[in-house]
Amino acid sequence: MLALLLLVCTQMMPARAEQLYRCLARDGAVSYQAQPCAATMRLDRVVEYRPEPVISASQATAGLRQAPVKQHRSVKNPRRHRAAATASDRCRAAQAGRSAALEQLGLKRTYAQLSRLDAKVRAACPRG
């Protein structure tokens with residue numbers, strides 16, 4: 001009975017913080033890892049963090065698709081208004097595509113890949 005009570009109490013406790021170890025190699029290389037540093041490396045610091053919940057790309061894009069489109073009552077040029085809504089949709093689609101690609105790449109991504117994804121979003125989302 002005590003074991004059952006202990007099990008229930010541990011399930012109700014908030015998620016504990018994870019630890020991230022910053023290790024330094026002899027040649028000065030820095031690495032961040034979830035396990036303690038190897039014997040050949042020096043521990044520089046330990047950082048505690050709470051991981052954020054993982055949201056899939058389909059959940060992220062579903063939230064974007066459900067966003068209401070604002071309807072203006074007085075529009076002088078309806079063609080321009082439709083083009084603005086289309087540009088907004090293109091921008092949202094580019095951002096969702098970038099999020100999906102980043103999720104697919106994971107943490108093993110290069111600067112060139114990030115630059116290519118950012119360029120697509122910049123092209124679709126003009127600053128105004």
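Reply: From the N terminus on, the order of the elements is α-β-β-β-α-α-α. The chain thus holds four helices and three strands; helices (H or I, at least four residues) and strands (E, at least two) are DSSP runs, numbered from the N terminus. This is a predicted model, in which local features need pLDDT of at least 70 and side-chain atom pairs count only at pLDDT 80 or more, while totals for chains, interfaces and linings use all residues. Residues are numbered from 1 along each chain as its sequence is written, and side-chain values use heavy atoms, with hydrogens and water left out.

Me: How do strand 1 and strand 2 run, and how many bridges join them?

Reply: Two strands pair if DSSP finds at least two bridges between them. Here strand 1 (residues 18-24) and strand 2 (residues 30-33) run antiparallel and are joined by four bridges. Arginine 22 stands opposite tyrosine 32 of strand 2, and leucine 24 faces valine 30 in that strand. The two strands form a hairpin with five residues between them, and glycine 28 in the turn has a positive phi of about 95°.

Me: Which residue of strand 3 is the bridge partner of leucine 24?

Reply: The partner is arginine 42. Strand 1 and strand 3 also run antiparallel, with seven bridges between them. Proline 36 is found in the loop between strand 2 and strand 3 (42-49). Its C-alpha lies 8.4 Å from that of leucine 20, although the two are 16 residues apart in sequence.

Me: Is proline 36 buried or exposed?

Reply: Buried means under 20% relative accessible area, exposed over 50%, and partly exposed in between (1.4 Å probe, protein chains only). Proline 36 counts as exposed because its relative accessibility is 55%. Of the 128 residues of the chain, 12% count as buried. Alanine 101, in helix 3 (residues 78-105), counts as buried because its relative accessibility is 19%. The C-alpha atoms of alanine 101 and glutamine 113 are separated by 9.5 Å, and these residues are twelve apart along the chain.

Me: What length does helix 4 reach, and which of its residues are buried?

Reply: The expected span of a helix is 1.5 Å times one less than its number of residues. Helix 4 (residues 111-124) has 14 residues and reaches 20 Å from its first C-alpha to its last, close to the 20 Å expected at 1.5 Å a residue. Its buried residues are Leu117, Val121 and Ala124. They lie on the same side of helix 4 because they cover an arc of only 65° around the axis, the arc being that of the directions from the helix axis to the C-beta atoms. The face turned away from this buried side carries the exposed residues Tyr111, Arg122 and Ala123.

Me: Where does aspartate 118 lie?

Reply: Aspartate 118 lies in helix 4. It counts as partly exposed because its relative accessibility is 25%. Between aspartate 118 and glutamine 95 the C-alpha distance is 8.9 Å, with 23 residues separating them in sequence.

Me: Which residues line the largest pocket?

Reply: A pocket is an open set of points on a 1 Å grid over the protein atoms alone, where a 1.4 Å probe fits, with protein on both sides within 12 Å along at least five of seven lines; lining residues have an atom within 4 Å of a point. The largest pocket is lined by Leu102, Glu103, Gly106, Leu107 and Arg109.
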